[in-house]
Structures are given as C-alpha cells and as structure tokens.
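Work through the exercises below with the coordinates open, and try each task before reading its solution.

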There are 2 protein chains.
Amino acid sequence: MDYHSFKKKYASFGKDIFQEIFRNNQDVIRIKKEKTALGNLEKIFNAVFSISCKKGFHAMSMRDLSEKTNISLGALYGYFPGKKQLLSIIQSQGDAMIRKVLARSSTAHEHPRNQLASVIKAHVFMSEMYRPWFYFIFMEAGRINPAQFKAVESMEKYTGKILVDILKQGEHQGVFKPGNHELTAGMIKAMQQEWYLKRWKYRRLKISVDEFADHLIAVVEAFCLAG
Amino acid sequence: MDYHSFKKKYASFGKDIFQEIFRNNQDVIRIKKEKTALGNLEKIFNAVFSISCKKGFHAMSMRDLSEKTNISLGALYGYFPGKKQLLSIIQSQGDAMIRKVLARSSTAHEHPRNQLASVIKAHVFMSEMYRPWFYFIFMEAGRINPAQFKAVESMEKYTGKILVDILKQGEHQGVFKPGNHELTAGMIKAMQQEWYLKRWKYRRLKISVDEFADHLIAVVEAFCLAG
DNA sequence: GTCTATACACAGATAGAC
DNA sequence: GTCTATCTGTGTATAGAC
C-alpha cells in the first residue's frame, strides 16, 4: 500500500478528531453550540501546533494564540480551561488516535514479513497525516508533569511491543533471524521518528513518504530476513 | 574500539570544556578569578541540563537555577549576561565540541567499512560521554531564534555529509552497494540519536553503549555491504 | 459567545550593601 | 564575588459589558 491509498482509507479519522475532542471534553468546554465549537477548535489546535513548532509550547503565550486564531483572549478560555489542560487534551487525544490506527494495521496480514512491513508503513504514513500531532507530542509531552511522562513511556512500550511480537513470531517461523529484538525494535522506531522530526530535511531533498518508507523497510529486511 | 577505551582517549576533552567556555566568553563573564569561575560554571551547566531535561529550558526560571546551584540570583548574572545568551553559549560550545571529535575520527581508518563503523561509533560514544549536551541541543536549539535553527541545519548537513562521503567512496570501491546515500545517512543518524534521546529505555533494558553501537553497525552493514 | 479591561503572579534583570 | 531587595515587563486567567 502506498501513502495515497492509505490516506483514502483513513480519511474519516481526521474529520472526526475535533468532534471527538469536543464530546470527550464537554465538562470543561464552555461553548455549547457544536458547530461553532468545531470550527474554532480546529483553528486553535492548528495555531498551537504552528506556534509551538517554532518556539515550543511553553514559550507560546495565550496572547500569541489569540492573535493567530483571531479569537480574543477571553473567548479562548471558553474552549479549554487553561493552558496546561490544553496540553493534556492534545496529548491524550493523540495517544488514542495512534493506538487506534496501529491496532488495526497490525492484524491486517498473516505472514510476518508482510506484517512487519505493514506496521512500519502504517506508522510512517500515520505520522505524515498527523505530523503536527506527532511532532508536538514528541517534543512537548512528558516534560510538564510526571503523569504525562508515564503516558509517553507507556506509548513507547506499546509500539515497541507490537514490533517485538512480530519479530519473535517471525523468528519462530524461520522467516527472521534470531537476535535482540528489543534493540531491533528500537532501531526501527528511531527511523520512523526521523520522518516527522526532520521533515524539513526530506522536503529539501525531495524525498517522498513512499520512498522513505520503502527505504526504511529495505534496511530492516536486510538485517532481519533469514537466508 | 569500545566505549571504555574511547573514553580514555578523549578524557582530556571533558576537563577543558569549562575552561574553554570561561576563556571564550571573557567579554561577558564578570567573574575574573578562573578557579572559582570553573567550579561554578560546572555547577551551573549541570543544573541547567538537569532542570531543562525535566521541564524544558524555557520553563526553567532563573530562580530554579539559583536554588539548584546554591548560587544567588544576583551572583548568577556574573557568569553569563542573560538567559538567552546562556542558551547560545551552550549551543555554540556543544557545536564546536562535536565537530572537533567527529573530524578527528573520520580520518582514522582507510577502508570504507572501517571508516563507516568508526564514525558511527565515535558519534554514539560521544553522545554517551556528553549526553546532557546532546539532549539539550536537540530539544532546545533552533527553537528560540532563526539564527540558532541555522546552526542546527548546518550541523545536520555536516554530520550527514561525512556519512554520505564514506558511502559514496565505498560504493566507488565496490565495498558498498549503490543506493540513495542521503537517505541511508538519514537512517543512520536517526539510530544514533535514539541513544541519547531515549536513554532511559536502554538503561531499563540493560543494554550498554557497546551493545547498542554494535547492533547499529550490524544493521547498517547488513544493508550497505556489497556481496 | 465574544469582546475589552484588568487582577494578580511570576519572570528576567539590576542596584547596592557587605 | 556574593548576597538581598527591588524594579519592570509579561504571563495566565477572570469579570463584566455587549
């Protein structure tokens, strides 16, 4: 599967993000009309990503956010109870989204080789579709309070385990070489992260997501495949 | 070469860091007695790394720094002219240090295979010795002002070029397979970064620097070596 | 629901005694 | 060289008119 068809398949995910946020946080969001809320939530989140990509979330002031969104300072507080809570909304929403897609993609194939390639691609394509979320969570999450670091750790374990399980299963079937699968999983995850952490570099080199993902899989298979 | 012998060879580098900082910034450091300055500079830098690792540089207040170092708020300003300048001192000092070591290690061997392995190891070992510097520069640099982002870009290009040159040279000699060397270099750098960005994970898994570096080189060679 | 005006806390930085 | 006390700007958050 290439990025184009992946995007089509998961297009629906994106549309509902702000709806989910709105509904999951009814208790803290003061705005009651869903229609106006959704539009403004989108503006707000995009602005947060854009500003904190440049200077970091902590350095972003509420006044910055107000300017960028054209929503007044006072009105902003109708959409979230405070700056800290905004951070944790982004974190937990992103978390849920990633888990949902990854869980689906890891059961799509039978053969370990295809399974591995499929999971790797899903993650890279996912990070392309929602790059601001991925980048933000990596750079900002876990640095505010210990509870959020726990979430980062847990996610790291979760995505790691998916890869390790496939590698073990593949070794058992004689498809993959034996080895330190934890380490290999770490290497794979590092390469996946490269895509959303340094995308400016690959844009400049004119390397597409598909090229990147294929190269990544080629590296992994060269190392893992038996025979 | 393993980490132990690398550390011995480059031990002298560490001792002089604060001396270099002190001498390179005579114009802005008000403290004149070198001996007292060196001790306090070390305390200050370690505190900066420790605090901003947890909450980020921007979230670290000068009062936080004062508490952690047991140096009063006013006295701190004798060691650097302001918070922003402190950031740029760390950035440029780290930059110079990395370039110095990398330049030396890339000319240590003749055969491309050894050269590649040597450069990769040097970088990983380097990041182990000065992990706080590496982590700090990755997380904080380039997010304050555009000039510092330029420095990040330039460093990325520099380390990338070293790898690409070796890969090209190796391909020319028939040692390495042909391929998109820019992409391969990106993958290598991603895996190198993994070590200092997620060290807590490898500490928990009880994986040593040497194991990590060897695994990384094994992955790279499986993909790159011809035949 | 959205705005402006403002309260209040805390940041970086300096002055001046010791 | 180091301290305490303080100045001044900026940040988050709220109150209350529209």
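**Exercise 1: DNA strand C**

Among the atoms of DNA strand C that lie within 4 Å of the protein, 59% are sugar or phosphate atoms, and the rest belong to bases. The model is a predicted one, in which local features need pLDDT of at least 70 and side-chain atom pairs count only at pLDDT 80 or more, while totals for chains, interfaces and linings use all residues. Residues are numbered from 1 along each chain as its sequence is written, chains are lettered from A and ligands numbered from 1 in the order in which they are written, and side-chain values use heavy atoms, with hydrogens and water left out.

Task: describe the protein surface around DNA strand C, and find which atoms lie close to its phosphate oxygens.

Solution. Step one is to collect the residues that are near the strand (one heavy atom within 4 Å of it). There are 19 residues around DNA strand C, and those that come nearest are Ile31(A), Lys32(A), Lys33(A), Ser72(A) and Met62(B).

Step two sorts them by class, where Ala, Val, Leu, Ile, Met, Phe, Trp, Tyr, Cys and Pro count as nonpolar, Asp, Glu, Lys and Arg as charged, and the others, Gly among them, as polar. The surface near DNA strand C then has eight nonpolar, seven polar and four charged residues.

Step three looks for polar contacts (pairs of N or O atoms within 3.5 Å). A polar backbone atom of Lys33(A) is 2.4 Å from a phosphate oxygen of DNA strand C, a polar side-chain atom of Tyr79(A) lies 2.9 Å from one, and for a backbone N or O atom of Lys83(B) the distance is 2.9 Å.

**Exercise 2: DNA strand D**

Task: repeat the analysis for DNA strand D, giving the residues that come nearest and the backbone atoms by its phosphate oxygens.

Solution. Of the 20 residues around DNA strand D, Met62(A), Arg63(A), Lys32(B), Lys33(B) and Ser72(B) come nearest, and they belong to a surface of eight nonpolar, seven polar and five charged residues. Sugar or phosphate accounts for 58% of the atoms of DNA strand D within 4 Å of the protein.

The distances to a phosphate oxygen follow: 2.3 Å for a backbone N or O atom of Lys33(B), 2.9 Å for one of Lys83(A), and 3.4 Å for a polar backbone atom of Met60(A).

**Exercise 3: the pockets**

Solution. On a 1 Å grid over the protein atoms alone, a pocket is an open set of points where a 1.4 Å probe fits, with protein on both sides within 12 Å along at least five of seven lines, and its lining residues have an atom within 4 Å of a point.

Of its 33 lining residues, Phe138(A), Ala141(A), Phe149(A), Val152(A) and Trp200(B) lie nearest its centre, and by class the lining has 17 nonpolar, seven polar and nine charged residues.

Methods
A polar contact is a pair of N or O atoms within 3.5 Å; within protein, one must be able to donate a hydrogen and the other to accept it, and residues adjacent in sequence count only if both atoms are side-chain atoms.
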